[in-house]
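Here's a quick briefing to read with the model open in your viewer.

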Amino acid sequence: MARISLDPPRTLTVRLAAWYSRRRFGEVLDPVGAMGHHSRLLRDGARFEQRLAGWDELDQGLKTLAVLAVAARIGCSWCVDFGHWEAAEQGLPMEKIQYVPRWREHTGEFDELELLVLRFADAMTETVPTVTDELAAELVARLGEPAFMELVMMAAVENQRSRVNAALGLVGQGFSDRCEVPPRAV
């Protein structure tokens, strides 16, 4: 149950954000409803998300694995739900994506680079990050510095998103129900 009303005052900013959300995702995203209580936050957050969507140094599949791993590690059911839908929209193999929340138990489902990305996302999500020099160096060698920086930023951004949504008490909106293979329990 959300800890804040998801029906904010219908300012111009909220109406525009709701229109865009319905057009892009089929419904108003709960985080949009929550952020609508602070118009500047909603506008700046939307701009930031639009900029993130334009980053393209890191392979989209690896980016999605990192984002989902962070969301699952934090326990943000809204982010895991939406992340599964987003992965399906990107055409990623759902028979693999379903294992991200419990990737350590299903390492055979992922290749070596994917496992490095999952380990890195987990290490960045620790309360005291546990990223090692060796893990970072291996990823820089495999991805290159621009893609590695994008991986770092996406894991950090998803930490923020997941922690905010979890603090707001947001739960799944049923996005993963639209996927071919539903997510496994977190």
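Is Arg73 buried, partly exposed or exposed? At 38% relative accessibility, Arg73 counts as partly exposed, where buried means under 20% relative accessible area, exposed over 50%, and partly exposed in between (1.4 Å probe, protein chains only). Keep in mind that this is a predicted model, so local features need pLDDT of at least 70 and side-chain atom pairs count only at pLDDT 80 or more, while totals for chains, interfaces and linings use all residues. Residues are numbered from 1 along each chain as its sequence is written, and side-chain values use heavy atoms, with hydrogens and water left out.

**Salt bridges**

- There are 10 salt bridges in the structure, each one a side-chain nitrogen of Lys or Arg within 4 Å of a carboxyl oxygen of Asp or Glu.
- As a reminder, side chains of opposite charge can pair when their charged atoms come close.
- Arg73 pairs up with Glu126 in one of these bridges, at 2.1 Å from N to O.
- That pair links distant parts of the chain, with Arg73 in helix α4 and Glu126 in the loop between α7 and α8 (133–143), 53 residues apart; helices here are DSSP runs (H or I, at least four residues), numbered from the N terminus.
- Glu126 is partly exposed too, with a relative accessible area of 28%.
- Arg104 bridges to Asp122, and their closest N and O atoms are 3.1 Å apart.
- Because Arg104 sits in the loop between α6 (94–97) and α7 while Asp122 is in helix α7, this pair ties together parts that are 18 residues apart in sequence.
- Put together, Arg73, Arg104, Asp122 and Glu126 are linked in a network of salt bridges.
- Glu49 and Arg161 also meet through their side chains, at 2.7 Å from N to O.
- Glu49 lies in helix α3 (residues 39–53) and Arg161 in helix α9, so here the parts tied together are 112 residues apart in sequence.
- Both ends are partly exposed, Glu49 with a relative accessible area of 33% and Arg161 with 22%.

**How α7 and α9 pack**

- Two packed helices are described by the angle between their axes and the distance between the axes.
- The axes of helix α7 (residues 112–125) and helix α9 (residues 145–167) come within 10 Å and cross at roughly 50 degrees; these axes are lines fitted to C-alpha atoms over the stretch in contact, with angles from 0 to 180 degrees between N-to-C directions.
- α7 and α9 are therefore oblique to each other, since angles under 35 degrees count as roughly parallel, over 145 as roughly antiparallel, 65 to 115 as roughly perpendicular and the rest as oblique.
- On the α7 side, Val117, Phe120, Met124 and Thr125 meet α9 residues including Phe148, Leu151 and Arg163, where contact means heavy atoms within 4.5 Å.
- The residues of this contact divide into eight nonpolar, two polar and one charged (Ala, Val, Leu, Ile, Met, Phe, Trp, Tyr, Cys and Pro count as nonpolar, Asp, Glu, Lys and Arg as charged, and the others, Gly among them, as polar).

**Around Cys76 and Asn165**

- Cys76 is in the loop between α4 (60–74) and α5 (77–89), and at 1% relative accessibility it counts as buried.
- Leaving aside neighbours within four places in sequence, Cys76 is in contact with Ala71, Ser162, Asn165 and Ala166.
- Asn165 belongs to helix α9 and is buried, with a relative accessible area of 6%.
- Not counting residues up to four places away in sequence, Asn165 touches Pro31, Cys76, Trp78, Cys79 and Leu170.

Conventions
Helices (H or I, at least four residues) and strands (E, at least two) are DSSP runs, numbered from the N terminus.
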